[in-house]
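Let's take a friendly walk through a protein model, from its charged pairs to its helices and pockets. Have a look at the structure first, and then read on.

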Amino acid sequence: LTWLDLGGNQISAAGMKSLSNLFHSDNCSLKDLFLSGMNIGDDGIVALAGALKGNTSLTHVRFNPEEAGITEVGWKALSKLLCDTSTVNNTYLSNHILQTVGFEGRGHDSFGVAQYLAMNKHLQEDAAIYKMFQSHRDFDMKPFFQRGLKFLPLAVEWFERAGKCRFRSDERYLHMLESRKLSAAYQFVREFQVLVLRGQA
């Protein structure tokens, strides 16, 4: 099953939420979901956004935004699905697959939804990295310090990979990359000094 047309049906928020079993299935191959002619409403779109967390197949959710009954509440939920800026890890775990919400090529601009959809479409597997750099001035490395210096090579490897992304020629991106690298290095050096003083290094 690669496409599902639910257009014209009146599906409740509970019904939308029940789709999570499909979206979270290891065998889910659904790419297109059609919801045209539906008054989805905020409750419905919030439930759908929740159901899509962790989904890695659905790329298009098609409906008419003008008849869907979605307000800023619903668009905020979609924005958070596409780029949860609460923490670096949550940004990384956001949805980087979805490319269309509404009409293809006419994404909704509210709360960065259109921007995030464009990132997913054009940056593909590099979208997560760009969102992380764009959304966080510094990467809080403290959660990783409990692993001691064992995490340092992994951090170096990750930044090296980030330097090879398809937008590595973008001067703005390179500036963000170098800034985050320096911040992360400073945090590790400072923590290493603490470990030395404690005799734990």
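D32 is a buried residue, with a relative accessible area of 16%. Buried here means under 20% relative accessible area, exposed means over 50%, and partly exposed lies in between (1.4 Å probe, protein chains only). Keep in mind that this is a predicted model, in which local features need pLDDT of at least 70 and side-chain atom pairs count only at pLDDT 80 or more, while totals for chains, interfaces and linings use all residues. Residues are numbered from 1 along each chain as its sequence is written, and side-chain values use heavy atoms, with hydrogens and water left out.

**Charged pairs**

What does D32 pair with? Its partner in a salt bridge is R62. A salt bridge is a side-chain nitrogen of Lys or Arg within 4 Å of a carboxyl oxygen of Asp or Glu. R62 sits in strand 3 (residues 60–62) and D32 in strand 2 (residues 32–34), so this pair ties together parts that are 30 residues apart in sequence. Helices (H or I, at least four residues) and strands (E, at least two) are DSSP runs, numbered from the N terminus. The whole structure has 2 salt bridges, shown here:

| Salt bridge | Closest N and O atoms |
|---|---|
| R62 with D32 | 2.6 Å |
| E178 with K181 | 3.6 Å |

E178 and K181 are 3 residues apart in helix 9 (residues 171–198), which means that about one helical turn separates them. E178 is partly exposed at 41% relative accessible area, and K181 is also partly exposed, at 33%.

**Helices and what they cover**

Helix 4 (residues 72–82) has the buried residues G74, W75, A77, L78, S79, L81 and L82. These pack against helix 3 (41–51), strand 4 (100–103), helix 6 and helix 7, where contact means heavy atoms within 4.5 Å.

Helix 7 (residues 127–135) is itself mostly covered, with 7 of its 9 residues buried. Those residues are A127, A128, I129, Y130, K131, M132 and F133. In the loop between helix 6 (113–123) and helix 7 you will find Q124. Its phi is near 50°, a positive value in a residue other than glycine. Most residues other than glycine have a negative phi. Q124 counts as partly exposed, at 43% relative accessibility.

In helix 8 (residues 152–162), the buried residues are A155, F159 and A162. They cover an arc of only 55° around the axis, so they lie on the same side of helix 8; the arc is that of the directions from the helix axis to the C-beta atoms.

**Two pockets**

On a 1 Å grid over the protein atoms alone, a pocket is an open set of points where a 1.4 Å probe fits, with protein on both sides within 12 Å along at least five of seven lines; lining residues have an atom within 4 Å of a point.

The largest pocket holds about 410 Å³ of space. Of its 15 lining residues, V88, M132, F144, F151 and W158 lie nearest the centre. Helix 5 (88–92) and helix 8 are the elements that give two or more residues to this lining, and helix 8 gives the most, with 4 residues.

The second largest pocket holds about 220 Å³. It is lined by 13 residues, and T56, S94, N95, H96 and I97 lie nearest its centre.

Technical notes: Points joined across faces, edges and corners; volume = space filled by probe spheres on them.
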